[in-house]
Amino acid sequence: METVSTSPLRDAADLSLAYTPGVALVCEAIAADPALSRSYTWVPNTVAVVTDGTAVLGLGDIGPAAAMPVMEGKAVLFKEFGGVDAVPICLDTTDVDEIVETVARMAPSFGGVNLEDISAPRCFEIEQRLAARLDVPVFHDDQHGTAVVVLAALVNALRLTGRDAASTRVVIAGAGAAGVACAKILLAAGVTDLAVTDRRGVLRTGREGMTPVKTELAAITADRTGREGSLDDVLEGADVFIGVSGGAVPESAIARMAPEALVFALANPTPEVHPDVAHRHARVVATGRSDFPNQINNVLAFPGIFRGALDVLATGVDESMKLAAAMAIAGLVGDDLAADHVIPSPFDPRVAPAVAAAVADAARTAGLARR
């Protein structure tokens, strides 16, 4: 990574424009109307990629210094796939109040905030508080980026197997950041029979070990259908398994799923069930890995989502924008739909522009666009 100038600096005349005295005119104009920073600085095309290093990839709590390579990589993906300038910021604190206050104080320098690799349940409060406080897009990619791509792949897998979302039974293993976001976007997309599990089994109100986040999720998932028991229990007869937990699922449980089951085993680097095993019982298998078909990769979502949000100077990212992004990704598969191709390649050049256009339109419809 490097920072480069977009304007030449060849002589005294260029210097007088880029710095003193010419820059003073721009400063004075922005001082009189702060909104002009969106026209005369890098702010409207720049995103802060923020972490505290507590949930880095599959490595866990490795700290802010060790998280920097991942944040740098994320910034490279923003630039290469979305044309978005991104600055990696690793914070030496895990305190929720300190993180919120630090990011909020940096906000005038950025057109958006991408939260990354922050452990649950703190990540939920951090995102909610920043979204309420700031007038720029705040997006936790581990939650919503994953959810968008999962929904895109599921839309096509349902189409391939002739299923309807409203009559499809889904089980999600994992009630962390990704599991919660996946559950909420699937409900918004029309899924009605959904059970989410953690190490203790199905989330349901009144069960032992329930946090406020899990209780809220239980009320809109298994409480509505009466599902209960262990992961193995609810997988029997289920149409879809989505794994975002990192735990192992036995082949016997996958074998008891419905015919032509859909298995998204997304833990990295070791899926909850190996794809070769899942294929013995499932019609469609997806993972988070690049060495198997149907990779559920967040890079399909976040560059285009921010590109679209920044293009219209959106004040936030709502559920309609995430749904629009998912449908745009799903739509690119088209007539090439097959069991080993329910999601586009991360290197498909159509993805980011399609997502950006869909997100921008949704932001305008939702009244979140400033242009």
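In which helix do E319 and K322 both lie, and how many residues apart are they? Both lie in helix α15, which covers residues 319-331, and they are three residues apart, about one turn of the helix. Helices here are DSSP runs of H or I with at least four residues, strands are runs of E with at least two, and both are numbered from the N terminus. The model is a predicted one, in which local features need pLDDT of at least 70 and side-chain atom pairs count only at pLDDT 80 or more, while totals for chains, interfaces and linings use all residues. Residues are numbered from 1 along each chain as its sequence is written, and side-chain values use heavy atoms, leaving out hydrogens and water.

We can start with the whole chain. The protein chain contains 16 helices and 10 strands. Its radius of gyration is 22 Å, close to the 21 Å that the globule rule gives for 371 residues, so the chain is as compact as a globular protein of that length. The radius is taken over C-alpha atoms, and the globule rule is 2.2 Å times the number of residues to the power 0.38. Along its principal axes, the C-alpha trace spans about 75 × 45 × 40 Å.

Of the 371 residues, 52% count as buried; buried means under 20% relative accessible area, exposed means over 50%, and partly exposed lies in between (1.4 Å probe, protein chains only). The protein chain exposes about 16,100 Å², with carbon and sulfur atoms supplying 54% of it. Among contacts (heavy atoms within 4.5 Å) between residues at least 6 apart in sequence, 66% join residues at least 24 apart.

Next come the charges. The chain has 29 positive and 46 negative side chains, and the centres of the two sets lie 4 Å apart. Lys and Arg count as positive and Asp and Glu as negative, with His and the chain ends not counted. A salt bridge is a side-chain nitrogen of Lys or Arg within 4 Å of a carboxyl oxygen of Asp or Glu, and by this rule the count comes to 25.

One of these salt bridges joins the side chains of E101 and R133, at 2.9 Å from N to O. E101 lies in helix α5 (residues 96-106) and R133 in helix α6 (residues 122-133), so the pair ties together parts that are 32 residues apart in sequence. E101 is partly exposed at 28% relative accessibility, and R133 is partly exposed at 44%.

The side chains of E251 and R280 also meet in a salt bridge, again with 2.9 Å from N to O. This pair links distant parts of the chain, 29 residues apart: E251 is in helix α12 (residues 251-255), and R280 is in the loop between α13 (275-278) and β10 (282-287). E251 counts as partly exposed at 29%, whereas R280 counts as exposed at 55%.

E319 is partly exposed, with a relative accessible area of 31%, while K322 is buried at 7%. Elsewhere, salt bridges that share partners join R38, D135 and R370 into one network.

Finally, what surrounds A177? A177 is found in helix α8 (residues 177-188) and counts as buried at 11% relative accessibility. Leaving aside neighbours within four places in sequence, A177 is in contact with A120, C123, F124, H140, D142 and Q143.

Notes: Accessible areas come from the Shrake-Rupley method with a 1.4 Å probe; for residues, only the protein chains shown count as cover. The place of a charge is taken as NZ of Lys, CZ of Arg, CG of Asp or CD of Glu.
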